[in-house]
Amino acid sequence: MPLVSMRQLLDEAAASGYGVGAFNVNNMEQIQGIMLAARDTASPVIVQASRGARSYAGDRFLYHLMLAAVEEYPEVPVALHLDHGNSPATCISAIELGFTSVMMDGSLLEDGATIADYDYNVAVTREVVEYAHVRGVTVEGELGTLGGIEDGVGSGQVHLTDPDQAVDFVERTGIDALAVAIGTSHGAYKFPRRPDGQILAMRLIEEIHRRLPHTHLVMHGSSSVPASLIERINAAGGRMAPAFGVPVDEIQLGIRHGVRKVNVDTDGRLAITAAAREALAAKPDEFDPRHVTRACREAMRDVVAERMRQFGQAGHAGDYEPRSLEDIRRMYEAQEPTGAAA
Ligand code: G3H
Ligand code: 13P
Ligand code: ZN
């Protein structure tokens, strides 16, 4: 099965009422861990790569690893998505490489840190939609800004998404999926305490979904940061401060209100770090790196499989026949000029 349109994955998820995890990758073990989890749980899945991942692994390596993944796992529908594209040029280069979905994050300027104005966001996002949809490629936009700058993506200031502006943004850009800012941030240190309505604005998801019932909503910064992983890292020589992520039941609430794509990177990183530290500590005389990398792959598999079950995508891999990007292109052609998710 070739790489699939993310739009189709999200439309199917909306029709059946589940969410789809979008898991970040940088290397072969992470990709294999995700594919093993998808096979074990019979899940469709979104694999996403940031600009940092593209420069770490190299575009050709990353893309060919993904081709190997779809060859090896033909029963798993997989979309390959660019996470936080910082400019139309970055999005276009991903589409030329073969990504089936891109995020144009016009909430920030090209430096990925300075907050952009609304007109800039509309203009760059619309530009990417025009380039992508005629190729059958999906586009995610973002309105509002996440907090945190831990991984170098973000302004450090939270600006929650305005529901009125969200309606206008979707109409003017024609995006397939909207990333909303509800108080989450990237990385392990999202909240000073278990989040409540004061610091995690789930009510905004309900409001935006009510106003835009046909737009797929995306939650960024959705790692749950399990205390057990922090404890394991510290017990094996790490030094992480206590951290609070997004509780899974809040994500499930979001899924009941239109969240279809759930971005998870940090939980995979934590699971891998715990496994690597434990593997090294358990056999200090071992120098075959496969001892460590195998443990990392299994850790990625386990945390991703758990999230797939929690988000509800488990069991849905065989529900539908993937459509070609040409078929999806024709769907957009029939919908333009509004182009909004239907
Ligand atoms: O955008 C956030 C993701 O966690 C990717 O992080 O830019 O360090 O690869 P990264
Ligand atoms: P986490 O850091 O919570 O995993 O968020 C990842 C993300 O939003 C990637 O775009
Ligand atoms: Zn993000």
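## A helix pair

In which sense, right-handed or left-handed, does α6 pass α7? The crossing of these helices is right-handed. The coordinates behind this answer come from a predicted model.

Helix α6 covers residues 118-133 and helix α7 covers residues 163-173. Their axes lie 9 Å apart and meet at an angle of about 35°. From α6, the residues Y118, V122, T125, R126 and V129 make the contact, and from α7 the residues Q165, F169, R172 and T173 take part. Sorted by class, this contact of α6 with α7 holds four nonpolar, three polar and two charged residues.

## The barrel

Eight strands form a closed barrel. Their order is β1-β2-β3-β4-β5-β6-β7-β8, and the pairing is parallel. From one strand to the next, the twist averages 25°.

One of the pairs can be followed in detail. Strand β5 takes up residues 138-143, and strand β6 takes up residues 177-180. The two run in the parallel sense and are joined over four bridges. In this pair, L143 stands opposite V180 of β6.

## Confidence in the model

How high is the mean pLDDT of the chain? The value is 95, and 96% of the residues reach 70 or more.

Residues 338-342 are a stretch where pLDDT stays under 50. For these residues the model has 17 contacts beyond four places in sequence. Where pLDDT is low, predicted coordinates should not be read in detail. The contacts of residues 338-342 belong to a stretch with pLDDT under 50.

Terms used:
Residues are numbered from 1 along each chain as its sequence is written. Chains are lettered from A and ligands numbered from 1 in the order in which they are written. This is a predicted model: local features need pLDDT of at least 70, side-chain atom pairs count only at pLDDT 80 or more; totals for chains, interfaces and linings use all residues. Two strands pair if DSSP finds at least two bridges between them. Axes are lines fitted to C-alpha atoms, for helices over the stretch in contact, and angles run from 0 to 180 degrees between N-to-C directions. A crossing is left-handed if the near helix is turned anticlockwise from the far one by less than a right angle, and right-handed if clockwise. Two residues are in contact if their C-beta atoms, placed from the backbone, lie within 7 Å. Ala, Val, Leu, Ile, Met, Phe, Trp, Tyr, Cys and Pro count as nonpolar, Asp, Glu, Lys and Arg as charged, and the others, Gly among them, as polar. pLDDT is the predictor's confidence in each residue, from 0 to 100.
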